[in-house]
Amino acid sequence: MTTLLEKEVNEEMEIAKGYVDGVYETVLKRNQGESEFHQAVKEIFDSLVPVFAQHPEYMKAGILERIVEPERIITFRVPWVDDQGNVHVNRGFRVQFSSAIGPYKGGLRFHPSVNASIIKFLGFEQILKNSLTGQPIGGGKGGSDFDPKGKSDMEVMRFCQSFMTELCKHIGQDTDVPAGDIGVGGREIGYLFGQYKRIRNAYEAGVLTGKGLGYGGSLARTEATGYGTVYFVQEMLKDQEDSFAGKTVVVSGSGNVAIYAIEKAHQFGAKVVACSDSNGYIYDENGINLETVKQLKEVDRKRISEYVNAHPHAQYVEGCAGIWNIPCDIALPCATQNEIDEASAKVLVANGVKAIGEGANMPSTLEAIEVFLNNNVLFGPAKAANAGGVAVSALEMAQNSQRIAWTFEEVDAKLHDIMVNIYHNSKNAAEKYGCPGNFVVGANIAGFLKVANAMMVQGIV
Ligand code: NDP
């Protein structure tokens, strides 16, 4: 029999669900064709229903309607000239999503697939991720459909200079602080910073993060996202009295996040047997030789297929989706969005996967997440598991403001503490709002509450 209290709770949930669904309908109408943005919004909105049921004041204040509409979107032309003298035009984006708890903060992605939908999904996720870190940073994201792959250093420099010539009008160390993401690493950040400094005629080091160590960068920023993902998974495992030691791990990607996830997993005693790039994956049953991968990807900018030249016993397989067929205990998707679909998730589960840590942003489809959760796989969602990168970016900003530099060990220890806190805050929020063990819901709620409370006291802006 339903008690009076249960009936009341059910009614509150119904009202909250109706409200959330209504706002989602508006998002669909207002942002037509933006499937990645819809996907990110859906995941977050669905988790927030219990919050609105308990806090109807957020509904009255239109928190959801406001948080899902970017404060500002900037798109711009980026003309540049290649080494042969041909003119090219790319499109630049910056989405300044939320400044409720700090300056807009989020990376720049240079990849041919970049469009408004991708930048908006990343920017929306970034609001809650940044809040979860406990650091005072708002949410933003940007980038361009420029493809740095196969371009000379001078072409990349000319592109970055043209991109920054427009972007510099909209960013600043107290307004909006970009960083790297796919296709934007140390080389690109250097060119972008040089042009910003030249235009502004001022050394505002805190305007970009992910800088080189010689000009304002932070130790451990390069490692932060990958290490942080592994720290988060380690906390999930620890709660089950388990650890990385002796585990078989598959990591997708071979970029910044993947490389340092592999490094930390190895340090924790796991064996990483596979990694990939956008052409295919390698399988090395002896464990991936990370020095070879670093040389190929960080120094020579070559394809992962060349790994087998140095390690002939390893296998290269064309096409990246097949990497999830490799049996493993822990899977760390660290390449790109929607790289694990429902079918891949089912194969991972059938092969006995115990834990997933999302190093990339939104690498699992909504259906894949459901498969993991329904099968009691420990699931560390991106906005919690990969928040270490932006957390150390905030530490880079703090060091820039104080004009000091912490040691690697100091930054790494702070990163570790931040990841442990994110895990426990997500876990506690999930329990408090009736979904124990569901870190998707927990991370969304824990991230959301801080932003919503700041919005509540700042008036209707
Ligand atoms: P990088 O550019 O350094 O590396 C990206 C890797 O993913 C490369 O190996 C790339 O292969 C592969 N990849 C890119 N696109 C695709 C695709 N469509 N299909 C298959 N593989 C692909 O980027 P990062 O390592 O910085 O970023 C990886 C993910 O992590 C992204 O989702 C990013 O948003 C997320 N992230 C990054 C943070 C950071 O600090 N860098 C912070 C938080 C999240 P190829 O070499 O062939 O292009």
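A nonpolar core is understood here as a set of buried Ala, Val, Leu, Ile, Met, Phe, Trp, Tyr and Cys residues joined through side-chain atoms within 4.5 Å, where buried means under 20% relative accessible area, exposed over 50% and partly exposed in between, with a 1.4 Å probe and protein chains only. The model is predicted, so that local features need pLDDT of at least 70 and side-chain atom pairs count only at pLDDT 80 or more, whereas totals for chains, interfaces and linings use all residues. Residues are numbered from 1 along each chain as its sequence is written, and side-chain values use heavy atoms, with hydrogens and water left out.

In the largest nonpolar core there are 99 residues, and those with the most contacts inside it are Phe45, Phe52, Leu64, Phe124, Phe244, Leu332 and Phe448. Helix H17, residues 439-457, gives the most to this core, with 11 residues. Apart from it lies another core, of 22 residues, among them Ile74, Trp80, Leu108 and Tyr196. In soluble globular proteins, nonpolar side chains tend to be buried together.

For the chain, residues 24 or more positions apart account for 72% of the contacts with a separation of 6 or more.

The chain has 17 helices and 12 strands, these being DSSP runs numbered from the N terminus (helices H or I, at least four residues; strands E, at least two). A compact globule of 461 residues would have a radius of gyration near 23 Å, and the 22 Å of the chain agrees with this; the radius is taken over C-alpha atoms, and the globule rule is 2.2 Å times the number of residues to the power 0.38. Along its principal axes the C-alpha trace spans about 75 × 50 × 45 Å, and 56% of the 461 residues count as buried.

Two loop residues deserve a separate look. Most residues other than glycine have a negative phi. Ala220, in the loop between helix H7 (186-200) and helix H8 (221-239), has a positive phi near 75°, and with 5% relative accessibility Ala220 counts as buried. Asn338, in the loop between strand S10 (330-333) and helix H12 (342-350), also has a positive phi, of about 55°, but at 28% relative accessibility Asn338 counts as partly exposed.

Definitions and conventions:
Contact = heavy atoms within 4.5 Å.
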